Amino acid sequence: MAWPRVQLVVTADDFGYCPRRDEGIVEAFLAGAVTSVSLLVNGAAAESAAELARRHQIPTGLHANLSEGRPVGSARHGASSLLSPEGFFLGKMGFREAVAAGDVALPQVREELEAQLDRFRELLGRNPTHVDGHQHVHVLPGAWVGGPRQGGSMPRWTDAFVGLSTCGRHMSAHRVSGALARALEGTPAGHSLTAELMAHPGYPSVPPAGGCGEGPDAFSCSWERLHELRVLTAPTLRARLAQDGVELCALHDLDSKRSGQGIPGEATLVTFLQPSQL
């Protein structure tokens, strides 16, 4: 196909989950294969990950987490609709079911997300470059929360989002190229567009190290994390993207956008907190 000019942000999720995952993420960033990371502030390695981000000047956003591990806000001190009786988040499917049933108190969601934003600022000494959601909780109806308006920079996001069909063992240069092509279908040739590729590279976690309070999950321990790292850093993908006219960039390199701008991709991204907070 005749590609429009595309700027691609490659975001590595779960930064701060464990030292081995972080090692692979930093390796991919230094190789120029990853251009942005999303930090889990309740991750076992959040503090060391923040230090790595500062040392290597990695563009870092908040990976808002409402589904795995322990909260960082006041919910950790008492009962909450977000937590199990054991004090942990409800899990990926448990949170989705609770949202669908109307059992999640949105003021508690707001409170926890604001606490995570505050924790991010404590760790990095600045605002996040972006906010996205761990285990895609940001795309769930009813999970969106608008925060109070505060001064800040204009929001930035991409026109298209890909990565669900290229996750883990499914990642290859061919699949990434195909996912981008599908996301950009119908776009006039010659137009300049932006896209984001979600990725989960890293060296596999080794229990008990890692996680968000409950140890690492099977997803983090699997060989698929290393597979993504190898695909992202191999010359094949970079050559394919260059052939397709795709330029890698960071989110802060993009022009600011207004709500409603953009085209759909593999998922519809919504922002947890009002962009003016960022």
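## Exercises on side-chain contacts

The side chains of Asp14 and Arg21 form a salt bridge, 3.2 Å from N to O. The model used in these exercises is predicted.

**Exercise 1. Are Asp14 and Arg21 buried or exposed, and over which ring does the charged end of Arg21 sit?**

Step 1. Take the pair from the opening: Asp14 and Arg21 meet in a salt bridge.
Step 2. Check burial. Asp14 is buried, and Arg21 is buried too.
Step 3. Look for a ring under the charge. The charged end of Arg21 sits over the ring of Tyr17, 5.8 Å from its centre.

**Exercise 2. Which parts of the chain does the salt bridge between Glu247 and Arg5 link?**

Step 1. Find the contact. Glu247 and Arg5 form a salt bridge at 3.8 Å, N to O.
Step 2. Glu247 lies in strand β7 (residues 246-248), and Arg5 in strand β1 (residues 5-15). The two are 242 residues apart, so the pair links distant parts of the chain.
Step 3. Classify accessibility. Glu247 has a relative accessible area of 41%, so Glu247 is partly exposed. Arg5, at 44%, also counts as partly exposed.

**Exercise 3. Which residues do salt bridges with shared partners join into one network?**

Step 1. Start with one pair. The closest N and O atoms of Arg119 and Glu122 are 3.3 Å apart, and the two residues form a salt bridge.
Step 2. Classify each partner. Glu122 counts as exposed because its relative accessibility is 59%. Arg119 counts as partly exposed because its value is 24%.
Step 3. Salt bridges that share partners join Glu47, Arg119 and Glu122 into one network.

**Exercise 4. Which residues touch the most other members of the largest nonpolar core?**

Step 1. Count the core: 58 residues.
Step 2. Name those that touch the most other members: Leu8, Phe15, Leu39, Leu82, Leu180 and Leu232.
Step 3. Find the largest share. Helix α4 (residues 106-124) supplies 6 residues of this core.
Step 4. Follow Leu232. Leaving out residues up to four places away in sequence, Leu232 touches Val10, Ala33, Val34, Met171, Leu197, Ala199, Pro201 and Leu237.

**Exercise 5. How many aromatic pairs are there, and which residue lies over the face of Phe88?**

Step 1. Count ring pairs. There are 0 aromatic pairs.
Step 2. Turn to Phe88. Arg70 lies over its face, at 4.1 Å from the ring centre.

Note on methods
Residues are numbered from 1 along each chain as its sequence is written. This is a predicted model: local features need pLDDT of at least 70, side-chain atom pairs count only at pLDDT 80 or more; totals for chains, interfaces and linings use all residues. Side-chain values use heavy atoms; hydrogens and water are left out. A nonpolar core is a set of buried Ala, Val, Leu, Ile, Met, Phe, Trp, Tyr and Cys residues joined through side-chain atoms within 4.5 Å. Buried means under 20% relative accessible area, exposed over 50%, partly exposed in between (1.4 Å probe, protein chains only). Helices (H or I, at least four residues) and strands (E, at least two) are DSSP runs, numbered from the N terminus. Contact means heavy atoms within 4.5 Å. A salt bridge is a side-chain nitrogen of Lys or Arg within 4 Å of a carboxyl oxygen of Asp or Glu. Rings of Phe, Tyr and Trp (its six-membered ring) pair if their centres lie within 6.5 Å; planes under 30 degrees apart count as stacked, over 60 as edge-to-face and the rest as tilted. A charge sits over a ring if NZ of Lys or CZ of Arg is within 6 Å of the ring centre and within 35 degrees of the ring normal.
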